[in-house]
Amino acid sequence: MQRIDTVSAQMVEQAAERLSGVVTRTPLEPNARLSSRVDARVWLKREDQQTVRSYKIRGAYNFIVQLDEATRSRGVVCASAGNHAQGVAYACRRLGAKGRVYVPGTTPRQKRQRIATLGGAHIEVIVVGETYEDAFAAANEDAQRTGATLVPAFDDPRTVAGQGTVALEIVDQLGFVPDVLVVPVGGGGLLAGIATWVRERHPEIRVVGVEPRGAMCMAAALAAGEPVRIDAVDSFVDGAAVREAGGVTYPLVRDSGAELTSVPEGAVCTEMLAMYQADGVIAEPAGALASAALGTTVSVEPEQTVVCIVSGGNNDVSRYSEILERSLMHEGLKHYFLVSFPQEPGALRRFLDEILGPEDDVTRFEYVKRNNRELGPALIGLEIPRPAELPGLLARLEASPLQVEQVEPGSPLFHFLL
């Protein structure tokens, strides 16, 4: 097959034809909560309702279906810890191809089982190493050794064109052209596909990409003029936690005219909880990126038609305690302190009576050192009812005889203790 290094609107439209009858035409739903927030007409494109609970099937299938019979007979491989692997597994089963998926040891068992279930006898799940980089190295070695084809999660024109079909569906379902499309960004496949099609077919649409604050690889690429590897990545938004933008996706995004912004992971957590409680939507962290940015880092005009893409819903329920914790801290409602209590009767009671406000709640109390006869340092987690209550709490702590150190989020001490 002739190598193609770019993507066009026509390629996206051809991908849509290949995907017809294969992927789910996911719902496009008006959202009253978000509409009220920004005084506009906001819709959610529910890719969390996709066949594999994310848009990734679009790119994986469009890639694999274009392999010729001889190439496909040698099999395909990929590295992933989640959505891409599920897309590849489903595509292999649908097309009768053999595939091997390499996942790191940190991938939850339920995700491994989901990949195996979607692929059936056509897929083999191989656990290797502890990081995505370990899994990718193993998949790449497999491809070179066996002649199997490596299926990129985002950095290939066929993958990008498949992802871009989301935009066609949106315009078709609305029956008119929206004013704003808000798109989550990891390696840039979804944004590159959508922005490329929009630029050629409907350049009047404003396209905004949203990265997680802890993994801004596309912003780093745009600043450097080329893809660069960022040093540190917050892996919480795992569906978008990418260290380096793609060599294919970066120039497409650069030339598309799309805007780029970011939101902190705590804001994503707050939005995930709101989506669940108010909208009945179970979104994974990457799936809440677009709507988390709306009204904060993404401003829109009154009465505009805005579409936010919910990119996936493969969320592990065991993560909700961490989601709630991050949300409370982002909202300024959860705070941690190291407090050295004198080892004498009544010290804790005085702390509760004289320092805590009437609505403050102790959510964690743990002695971190017990070998000092005079002082007992304790880690205390406090939840306050409103952010405005924090100055009063800090003033009471400052005025007390206790030795107190606030544990700031993101500090080395915070990561060590929590």
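**Terms and their grounds**

Guide: The model is a predicted one. Let us begin with L252, which touches T6, V7, V160, A192 and T196, residues up to four places away in sequence not being counted. L252 is located in helix α11.

Visitor: Why is L252 called buried?

Guide: The relative accessible area of L252 is 11%. Buried means under 20%, so L252 is buried.

Visitor: How far apart are the C-alpha atoms of L252 and R41?

Guide: They are separated by 29 Å, and the two residues lie 211 residues apart along the chain.

Visitor: What makes H84 count as buried?

Guide: H84 has a relative accessibility of 4%. The limit for buried is under 20%, and H84 is therefore buried. H84 lies in helix α5, residues 83-95. Setting aside residues up to four places away in sequence, H84 touches K56, A60, C78, A79, V151, P152 and A153.

Visitor: Why is D39 described as partly exposed?

Guide: D39 has a relative accessible area of 43%. Buried requires under 20% and exposed over 50%, with partly exposed in between; D39 is therefore partly exposed. D39 is found in the loop between α2 (32-38) and β2 (41-46). Its phi is near 55 degrees, a positive value in a residue other than glycine.

Visitor: What places R53 in the class of partly exposed residues?

Guide: The relative accessible area of R53 is 38%. R53 belongs to the loop between β2 and α3 (56-64), and its phi, near 65 degrees, is positive in a residue other than glycine.

Visitor: Why are α15 and α16 called oblique to each other?

Guide: Helix α15 (residues 347-355) and helix α16 (residues 390-399) pack at an angle of about 135 degrees, their axes being 10 Å apart. Roughly perpendicular covers 65 to 115 degrees and roughly antiparallel begins over 145; α15 and α16 are therefore oblique. Their crossing is right-handed.

Visitor: Which residues of α15 and α16 meet?

Guide: F351, E354 and I355 in α15 meet L393, R396 and L397 in α16. By class, this contact has 4 nonpolar, no polar and 2 charged residues.

Visitor: How do α1 and α9 cross?

Guide: The axes of helix α1 (residues 9-19) and helix α9 (residues 189-201) come within 8 Å and cross at roughly 115 degrees. The crossing is left-handed. A9, Q10, V12 and E13 of α1 make the contact with G193, T196, W197, E200 and R201 of α9. These residues divide into 3 nonpolar, 3 polar and 3 charged.

Visitor: Which residues touch the most other members of the largest nonpolar core?

Guide: In this core of 42 residues, they are I194 and W197. The elements that give two or more residues to the core are α1, α8 (157-174), β7 (180-184), α9, α10 (217-224), α11 (249-256) and β10 (305-310). The most comes from α8, with 8 residues.

Visitor: What does I194 contact?

Guide: Leaving aside neighbours within four places in sequence, I194 is in contact with Q163, G164, V166, A167, L181, V183 and I309.

How values were computed
Residues numbered from 1 in each chain as written. Predicted model: local features only at pLDDT ≥ 70, side-chain atom pairs only at ≥ 80, totals over all residues. Heavy atoms only, no water. Axes fitted to C-alpha atoms, helices over the stretch in contact; angles between N-to-C directions. Helix = DSSP H or I, 4+ residues; strand = E, 2+ residues; numbered from the N terminus. Parallel < 35°, antiparallel > 145°, perpendicular 65-115°, else oblique. Left-handed = near helix turned anticlockwise from the far one by under 90°. Contact = heavy atoms within 4.5 Å. Nonpolar A, V, L, I, M, F, W, Y, C, P; charged D, E, K, R; others polar. Buried < 20%, exposed > 50% of the residue type's maximum accessible area, 1.4 Å probe, protein only. Core = buried A, V, L, I, M, F, W, Y, C linked by side-chain atoms within 4.5 Å.
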